Amino acid sequence: MKQTKLMTLKAKVRELTRSERDSLSLAAIRTKSDRIQEKFVTLKEFEQCKVLASYYPFGSEVRTFRITEKAFENNKVISLPKISRRFMDFYRITPSTNFYTNKFGIKEPIAHLAQRVSQKLDLVVVPGLAFDTSGYRIGYGYGYYDRFLADKRNSIICVGLAYDSQVVQQVPHLNHDTKLDILLTEKRIFYF
């Protein structure tokens, strides 16, 4: 499949799943997110991790606040991403961390006030728009997670969080696209 055709197909899947996800009510987002987070904090991978990378939920994304709270309760190091040009790094947060809103409208820790922990991560929570039953995902199209994980793939466990409606049979993907290890929805858990 030509790369141009693949990119067009990815854009269509991205648009359809974003539209469906954005149509969820706040109550549905809260309820489904709670179920997903409850599953996440019972994973042995979460229990065993020392340095967790999560994300600050944007728009209708699966919420992660309970995961963050549980990580703090269990004395784990928790970090959130900060984007710089084409790259992304993770910075440690605490309950008193200050955030700012980046150019995409996503909250990020203020880098000069936080410790960079990108090289120490053992578990990464990955957002996305569409996920398939083979472990591939479609993000927002900027490639930040794929670039970040490309050289760290063997040492980090990647967990996708999604509403069940975001799971499709197959998403178009390229060789450099990073495959997840686990995908959690409010109804199912996939191990890849």
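Predicted model: local features only at pLDDT ≥ 70, side-chain atom pairs only at ≥ 80, totals over all residues.

Entry 1: I started with strand 11 (residues 182-184) and found it paired with strand 12 in the antiparallel sense, over three bridges. I then looked up Ile182, and its bridge partner in strand 12 is Tyr191.

Entry 2: I traced the strand order next and got 3-2-1-6-9-11-12, an open sheet of seven strands with mixed pairing. Strand 3 (87-93) and strand 12 (189-191) are the edges; each has a single partner strand, so one side of each lacks a neighbour in the sheet.

Entry 3: Which strands does helix 4 touch? I listed strand 1 (51-53), strand 2 (77-84), strand 3 and strand 9 (157-161) for helix 4 (residues 65-73), which packs on the sheet. The direction of helix 4 makes about 130 degrees with that of strand 2.

Entry 4: Strand 1 pairs with strand 6 in the parallel sense over two bridges, and Ala53 has Val124 as its bridge partner in strand 6. On to strand 9: it runs parallel to strand 6, joined by four bridges. Here Val125 has Val159 as its bridge partner. I also looked at the side chains of strand 6 (residues 123-126): Leu123 and Val125 point one way, Val124 and Val126 the other, and all are buried.

**Entry 5: the core.** The largest nonpolar core has 43 residues, and those touching the most other members are Phe40, Leu52, Leu121, Val124 and Leu161. I picked Phe40 and skipped residues up to four places away in sequence; its contacts include Phe46, Leu52, Ile67, Leu123, Val125, Val159, Leu161 and Leu184. There is a second, separate core of five residues, with Val13, Tyr136, Ile138 and Val171 among them.

**Entry 6: cysteines.** How many disulfides does the structure hold? I counted zero. Cys158 is in no disulfide either, with the sulfur of Cys49 as its nearest. Buried or exposed, I wondered about Cys49? Cys49 is buried at a relative accessible area of 6%, and Cys158, at 0% relative accessibility, counts as buried too.

Methods:
Residues numbered from 1 in each chain as written. Heavy atoms only, no water. Pairing = 2+ DSSP bridges. Contact = heavy atoms within 4.5 Å. Axes fitted to C-alpha atoms, helices over the stretch in contact; angles between N-to-C directions. Disulfide = S-S within 2.5 Å. Buried < 20%, exposed > 50% of the residue type's maximum accessible area, 1.4 Å probe, protein only. Core = buried A, V, L, I, M, F, W, Y, C linked by side-chain atoms within 4.5 Å.
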